[in-house]
Amino acid sequence: FFARMFVQVCLYFYCKCLWRCLKFVVRKLTGRCELQRICYNTKPGAARTMKIEASLKGSKSKRLQTSVSVHPDAIEKTIDDIMELKRINPDINPQLGVSLQACLLQIVGYRNLIAEVEKLRREPYDSENPQHEEMLLKLWKCLKPNSPLKARISKQWCEIGFQGDDPKTDFRGMGLLGLYNLVYFAEWDTEIAQQVLSDSLQPKYSTAWQYLDLFSPHSQFSKAEWEKKKFDKAIGYSFAIVGINITDLAYNLLVSGALKTHFYNVAPEAPTLTHFQQTFCYLMHEFHKFWIEEDPLDIMEFNRVREKFHKRILKQLQNPEMALCPHFAASESLINM
């Protein structure tokens with residue numbers, strides 16, 4: 001064990017020193033530092049930004065290491081510091097500063113987004129807070145516009161997938177973040193949110209097939225195969241509870257860094273909470289289709305289906321050119337920026 005550890009440590013330092021030597025040689029041969037080579041040889045998007053981030057974090061300079069965590073207002077000065085430290089003339093390399101600034105805005109923005117999302121997740125739902133109550137009632141109105149809520153504490157909440165008479169108890173795991181996401185989905189993509197809710201309550205053949213025709217024309221199932229399925233069996237789920245669960249999935253993708261690929265490809269500058277909520281809406285769409293295609297026997301298979309879905313999304317995000325929802329209905333205004 002100790003021999004293996006010693007060999008691994010030796011290899012680590014050897015490779016680290018060798019890598020630095022190679023970088024030095026390449027710079028002398030090309031006349032460009034690593035940051036220049038990345039910006040000039042890699043197209044904008046996740047591939048470039050993630051390479052820049054790795055280069056800065058792996059630098060032996062403390063100033064470069066800390067540049068990925070500066071305040072957004074300090075990015076311009078940070079770029080000047082990097083150019084000075086790397087002895088790069090900004091007048092000769094004007095595009096480099098622009099490229100580095102765009103990358104740093106994304107890197108710093110991702111870190112700030114994690115902090116913002118974490119703050120919402122940690123804030124509990126407070127029924128004494130009128131803003132919280134207003135958001136909850138908005139969720140009902142968006143999903144059930146033709147069915148007035150008879151009382152704040154009511155069995156009616158079960159109709160949109162909450163577990164009991166008072167939804168506040170269901171937000172414990174994800175705090176306000178779960179409510180924010182559900183309201184965003186219901187408000188900005190109302191028609192689809194209502195359709196998903198309807199399907200989750202009545203997953204019959206006709207509804208399920210129409211949904212897949214609309215959102216998954218290349219589904220692995222043929223119409224003949226779908227006709228053989230027994231859509232009268234209980235394969236529904238609780239819409240709101242699943243929404244909170246998918247919020248947890250989106251949160252873990254964000255915190256683990258898996259969503260960097262997606263955000264660095266769709267957010268031209270700093271990713272925002274709206275980008276995160278778009279992603280949640282996309283995940284709700286995709287999970288609903290995935291649930292129907294998996295054809296679980298009952299709700300007890302939820303964890304299995306969710307884990308399989310999680311792995312599929314992670315695999316997609318390993319592609320540096322991946323953008324989960326580049327043309328999502330609720331995000332077109334941002335994509336056009």
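Helices (H or I, at least four residues) and strands (E, at least two) are DSSP runs, numbered from the N terminus. The model is predicted, and local features need pLDDT of at least 70, side-chain atom pairs count only at pLDDT 80 or more, while totals for chains, interfaces and linings use all residues. Residues are numbered from 1 along each chain as its sequence is written, and side-chain values use heavy atoms, with hydrogens and water left out.

**Exercise 1.** Find the helix in which Met-5 lies, and decide whether Met-5 is buried, partly exposed or exposed.

*Solution.* Begin with the position: Met-5 belongs to helix H1, which covers residues 2-30. Next, take the cut-offs for relative accessible area, where buried means under 20%, exposed over 50%, and partly exposed in between (1.4 Å probe, protein chains only). Because its relative accessible area is 39%, Met-5 counts as partly exposed.

**Exercise 2.** Describe the largest nonpolar core, and say which residues touch the most other members.

*Solution.* First, recall that a nonpolar core is a set of buried Ala, Val, Leu, Ile, Met, Phe, Trp, Tyr and Cys residues joined through side-chain atoms within 4.5 Å. The largest one has 84 residues, of which Ile-52, Leu-139, Leu-179, Phe-276 and Leu-283 touch the most other members. Helix H6 (residues 94-122) supplies the largest share of this core, eleven residues.

**Exercise 3.** List the contacts of Ile-52, leaving aside its neighbours within four places in sequence.

*Solution.* Contact means heavy atoms within 4.5 Å. With those neighbours left aside, Ile-52 is in contact with Leu-35, Ile-38, Cys-39, Leu-100, Cys-103 and Ile-107.

**Exercise 4.** Summarise the whole protein by its secondary structure and its buried residues.

*Solution.* The protein has 16 helices and zero strands, and 47% of its 337 residues count as buried.
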